[in-house]
Protein chains: 2
Amino acid sequence: MVERREVEVAVVGAGFAGLAAAHALCEAGIDTVVVEARDRVGGRVLNHRLADGRVVEVGGQWIGPTQDRMYALARELGVETYPTPTTGDSILLLDGREYRFAGGLPKLNPAVLLDYGQAMKRLDRMAAKVPLDAPWNAPDADRLDGQTLESWMRRNVRTGSARKLLALGVDAVFATEPGTLSLLWTLFYLHSGGNFDRLLSTRNGAQQDRFVGGSQLLAERMAARLPDGVLQLDAPVRRVDQNGDAVMLECGRLLVRARRAIVTVPPAVQARIDFTPSLPADRAQLLQRMPHGSVIKCMAVYDEPWWRAEGLDGQGVDTEGPVGVTFDNTPFDPSVEGDPPGVLLAFLEGDHARALSGVKPEERKRAVIGSLVKLFGPKAADPVDYVDLDWSAEEWTRGCYGAHTPPGVLTRYGPALRRPVGNVHWAGTETAEHWAGYMDGAVESGERAANEVLTALA
Amino acid sequence: MVERREVEVAVVGAGFAGLAAAHALCEAGIDTVVVEARDRVGGRVLNHRLADGRVVEVGGQWIGPTQDRMYALARELGVETYPTPTTGDSILLLDGREYRFAGGLPKLNPAVLLDYGQAMKRLDRMAAKVPLDAPWNAPDADRLDGQTLESWMRRNVRTGSARKLLALGVDAVFATEPGTLSLLWTLFYLHSGGNFDRLLSTRNGAQQDRFVGGSQLLAERMAARLPDGVLQLDAPVRRVDQNGDAVMLECGRLLVRARRAIVTVPPAVQARIDFTPSLPADRAQLLQRMPHGSVIKCMAVYDEPWWRAEGLDGQGVDTEGPVGVTFDNTPFDPSVEGDPPGVLLAFLEGDHARALSGVKPEERKRAVIGSLVKLFGPKAADPVDYVDLDWSAEEWTRGCYGAHTPPGVLTRYGPALRRPVGNVHWAGTETAEHWAGYMDGAVESGERAANEVLTALA
């Protein structure tokens, strides 16, 4: 039985981009439907409830300074934030040595520190010149886009240790390696979030704060404030037809007819929708050229955050892997009684995620726990609970944290990224100017696309 | 009305790979069906009949030495070959100068010739070390795959003119620019076809010979020799389901149940098929990372091949574009009476194809004819007929000549290229060891996949 809906605007995807777009449209009195493939909202943001009732996130979770849209949204929706713990020492494993350090950087060989610091500074200086609304107009864009970040690193980073640290930082931000990234895309992305250090940092950085109740709570509250019937779950869009004077969207059991549509799903998911007439060649080829990163987010749950008593903040960095970086992810939630369990969050990123993507769950868990033991000692060996999620294997996401462009794409296809095709508009965090790849960018993109549509309908 | 078919093997795609696979299977007595989305066979190979009844190709057309599979196939199918004309002078436009030359290279500045020759030699030397069955095992594979061909050229090609010539050769072979290609992929591809010079050459190269009646005639004869009912046109595969003990293929009005399947369609088309269960993450992410080149194949038809009387062979090279390279494409067909018209073939490749992809047909024609006049003089200005095809806009191809990998993909995802997933096997010219990207490679890949299936079923 096919249900038919006729609306002014159809929004595809109920992640932050889609929910923000729908809110803006509904506020303006526009009859809107949001069609979402999954049986839940949030997209790349997903809560997981622990045994004690507290929540951790198996998807995107943090916000930090200058992500003003997300802080405002949290206030609007009555969601509190709390800081990621930074009290205590962090651990770095590099070149077979362990460094225990507090705040800033460990006491490495000064030549390595200088090398690393200079590389970051140079990247930031180049990044600042990349226009966020049109990175393809950056000075020397062709040359920057014609090479990988790795090529730049080989010329500009002298010490092997600094290269390893930098590569690990890249993995932590992009979930892929410097040899896969366009230098121009890298610079755009760093500028989009401010600078490299801000993307990497907890204190005063993109990992600074968390949401009480988990980040998906915001998406759920955004969904709840939409008028009844706007949100349609279990409605995967297979086909978008603009042959007539309307946009027809086939979403499984639901057939939507709309004057305009906003597609917010990530590039590799978009690439699988049938558009008729076919998308213009530049848009179609762009969608062949925005691969998603590879990340498996893993959490080990313990009776308590025992590392705190040892003076550790739970932040670990291991350039050998498989786990590259860790955080204390112990949930704070005053509405739940009793002490929380201790949670160590461990990321498998890029090559490490790829290597552990196809293996048996037990094998992956063993590898992750092994990494935690290497970083934090034998107490890490026996978690009471363990959870992970391989985002590359998620049909409706196909890889996290986000999409990137390999060399030669941004300069050739970038202008097609936000340019509407007929009555179809494009959103999603990859289309944001600020905090592209983050929740904040998703909200920006949804609001921008909603404005485009409001202007067009006015 | 859904029609159901139960077979031993389903082959997806009726290009050379699919037709070769089906032939091998049928010869072995295996009950086979070939499902093809289009209403024709040939895939990236397509004949176009001129007004006089002779045929030119708007898709792949040439074969050359060491493409033994294609020569053998032509003999088997009773299709004659004839040489591409090479009598007369060629034209090169470079740095605002016109060079008219016969055989080999024009009289350029010796420093440029040396530079160009050395670059070709170095690339060939590196290419020879790349194992065709596993390019990711090449010596120093990570370093080669971590950079673009452009990065290599900036370090190794000193003169701007040699770089322009080389970039044009790359465009002619890959239909994309050096800044988009992994150096490792480039080397694999050169080795796969022999060496760079062989890929670029007419005499003794990949453009040496043509087929009487057009290259699609071979595909049509391959289709005709399959048992009745094997080939199903207008049957686009939308879904491949391996949840049960069989492979179920939803192809529009046709539902096929098979023990094994061979998918031969190119990567960006494969990426749009729904596989259930989802493809393993490495295969799924590989399909996000094999973009197709951009080419528009254009032909201007004149009353006669007038350039021959002027001592020209119709081969032109223009580093400025929009047309990069041209050929005399006058058809030879003794079965048609009267003298043939003269046909100049002009390629819009890479950036030039992208720039002229979305424009009005008249504008594109004007740009192409303008290029031909620049190369061959005012007689080129008034063709009696003109035809072109933008392969990026073809729904069931999505870009030609073939797919390539940007940096960092071959070393990470290469092993997933041919590895079967359950009972589904992979073919298509991109999976070939020899002449990957060419008709010959397509045939190799189909035969290889058929052998895999025959072994599995035995």
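Author: The search gives 12 cavities of 30 Å³ or more. The model is a predicted one, and the values here are computed from its atoms.

Start with the largest cavity, which holds about 490 Å³ of space. Its lining is made up of 37 residues, and those nearest the centre are A271(A), R272(A), A268(B), A271(B) and R272(B). Several elements give two or more residues to the lining: from chain A, helix 10 (267-270), strand 13 (274-276) and helix 11 (281-287), and from chain B, helix 10 (267-270) and helix 11 (281-287). Helix 11 of chain B contributes the most, namely three residues. Sorted by class, the lining of the largest cavity consists of 19 nonpolar, nine polar and nine charged residues.

The second largest cavity has a volume of about 60 Å³. It is lined by 14 residues, and P267(B), Q270(B), A427(B), E430(B) and T431(B) are the closest to its centre. Here the elements that supply two or more residues are helix 10 and helix 11 of chain B. Its lining divides into eight nonpolar, four polar and two charged residues.

Now to the contact between the chains. Chain A and chain B each bring 44 residues to it. The size of an interface is often stated as the accessible area that is lost when the parts come together. For chain B and chain A the buried area is about 3,100 Å², with 39% of it on carbon and sulfur atoms. Of the area that chain B buries against chain A, 20% comes from R272(B), Q288(B) and R412(B), more than from any other three residues.

In one salt bridge, the side chain of D351(B) meets that of R412(A), at 2.5 Å from N to O. On the side of chain B that touches chain A, the elements giving two or more residues are helix 4 (141-145), helix 5 (149-156), strand 13 (274-276), helix 11, helix 13 (351-355) and helix 15 (410-413). By class, that side of chain B has 10 nonpolar, 17 polar and 17 charged residues.

Key. Residues numbered from 1 in each chain as written. Chains lettered and ligands numbered in written order. Predicted model: local features only at pLDDT ≥ 70, side-chain atom pairs only at ≥ 80, totals over all residues. Heavy atoms only, no water. 1 Å grid on protein atoms, 1.4 Å probe; cavity = no way out; pocket = protein on both sides within 12 Å on 5 of 7 lines; lining within 4 Å. Points joined across faces, edges and corners; volume = space filled by probe spheres on them. Helix = DSSP H or I, 4+ residues; strand = E, 2+ residues; numbered from the N terminus. Nonpolar A, V, L, I, M, F, W, Y, C, P; charged D, E, K, R; others polar. Contact = heavy atoms within 4.5 Å. Buried area = accessible area lost by both parts, 1.4 Å probe. Salt bridge = Lys/Arg side-chain N within 4 Å of Asp/Glu carboxyl O.
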